[in-house]
Every structure is written in structure tokens, then in C-alpha cells.
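Dear colleague,

I am passing on the structure below, together with notes on its ring pairs and charged side chains. Please read the notes beside the coordinates.

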Amino acid sequence: LLFLTDNTLICSNVGDSECYLFNCSEDDLWTFESLSKMHRPTDEIEKKRIIEKGGEVHPYYDENGIFEGPDRIYAKNKIYPGLSMSRTIGDLEAKKIGVISTPDVTLKKINCDSKFLVIGSDGLWDVIKPYDIIRMIRPFFTKGDIEGACQVLMKKAVVQWDKNVEERDDITIIVVFIGTPTS
């Protein structure tokens, strides 16, 4: 959830999506900052909570015992729920083993340097880094072309997934222009 009131952004998140704020100073110096974090079972605090509640954290192994994918959360000696995130909304089975719905909340003042936000699922952030997004989105920001910005990110993420793995993760992207375009 992202909410803008006056000059304050309020970002509240659970799960495997992230929100970044991109800024540009008067001297054309671009920076970015995360307003959220992904809730992964590999995070020591998250993992500890899962294990204390009787869950297990380990990678998925196929029928031949071969590792596939990231660490996931499982009920003890079970093959479910198999989540690769440690916080989510509405999963009652996962709640029994320490998956929570408590969001992280960030407050951030925006100013004239604040230019745009990119909110994306792990399908975006696992293959495109925030510093690459500046180069990719800047021309679209300058033209006020928010649809073009989303399309270029989606296309690049799909290409990256397709060349690196057999299956691609879900890719969800929201771009929000909040500042005045710079040349």
C-alpha cells in the first residue's frame, strides 16, 4: 500500500514486492532509495520466527532430490505451503507456522528532487536493479510517458527471465511520476 498525503509518502508492505523512490537533484545527480523490503524466509529474524512456530525453511527439492529455487517455508515434514515469502495476507495455513501479515511501514518526505516511484514484485527486482531503472525510465519520465516506462520495464524483465531460467516469476510493475520532468 502506498499513500501520498501532503509531502509525505506512506509505504506499508508485506510479501515479496518492493517500492523505490527515485530522485534527481538540480545538478542532475540521480539517486534511489527503498521504501520497503521483501520479506524473505532467508532473513534471520523472519526465519527464526518461522522455526519457533514449528515451520521449516529450506529449498524445494524435486523428486530426484535436486535443488530448485529459493528457500521456502514449509510445515514440519510437509510439502506445503512452500512460500518463498515470510509475510503475506490471508494464508491461514502459513499463519500456523509463523507467516505473519504485519506490514513494515515507512514514512518518507518528498521534495522537488523526488521524481518517480517504481513498485514491483520480485519478478521485476530479481532481474533488474534499481540503478538500471534510472537509465531505462529517465527518457520516459522526461516525456511524461508513464505507459512507455511500464512497458520498457516489463519487456526487459521478461527478456532477463527468459534468458536465465526455464520458468519466469510473476512480474507486476507500477510506475508513478510525482515530480517535474528534468531534461
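The notes that follow take the aromatic pairs, then the salt bridges, then a surface patch.

This is a predicted model, in which local features need pLDDT of at least 70 and side-chain atom pairs count only at pLDDT 80 or more, while totals for chains, interfaces and linings use all residues. Residues are numbered from 1 along each chain as its sequence is written, and side-chain values use heavy atoms, with hydrogens and water left out.

A search of the whole structure finds 10 aromatic pairs, where rings of Phe, Tyr and Trp (its six-membered ring) pair if their centres lie within 6.5 Å, and planes under 30 degrees apart count as stacked, over 60 as edge-to-face and the rest as tilted. One of these pairs is formed by Trp30 and Phe116, which is tilted, at 5.8 Å centre to centre and 45° between the planes. Trp30 sits in strand β4 and Phe116 in strand β9, 86 residues apart, with helices (H or I, at least four residues) and strands (E, at least two) taken as DSSP runs numbered from the N terminus. Phe116 also forms a tilted pair with Phe141, at 5.7 Å and 45°, and this pair links strand β9 to helix α4. Phe116 counts as buried because its relative accessible area is 0%, and Phe141 does so at 1%; here buried means under 20% relative accessible area, exposed over 50%, and partly exposed in between (1.4 Å probe, protein chains only). Ring pairs join Trp30, Phe116 and Phe141 into a cluster that also includes Tyr20 and Trp125.

Turning to charges, the count comes to 12 salt bridges, each being a side-chain nitrogen of Lys or Arg within 4 Å of a carboxyl oxygen of Asp or Glu. Asp28 and Arg138 meet in one of them at 2.7 Å, N to O, and this pair connects the loop between β3 and β4 with helix α4, 110 residues apart. Arg40, which is buried at 18% relative accessibility, has salt bridges to Asp122 at 3.9 Å and to Asp126 at 3.3 Å. Asp122 is buried at 3%, whereas Asp126 is partly exposed at 37%.

Finally, Glu63, Glu68, Glu166 and Glu167 form a negative surface patch, a patch being made of residues with over 30% relative accessible area and no salt bridge, with like charges joined within 9 Å and nonpolar side chains (Val, Leu, Ile, Met, Phe, Trp, Tyr) within 5 Å.

Conventions
Areas by Shrake-Rupley, 256 points an atom, 1.4 Å probe, with all protein chains shown as cover. Lys, Arg positive; Asp, Glu negative; His and termini not counted. Charge placed at Lys NZ, Arg CZ, Asp CG, Glu CD.
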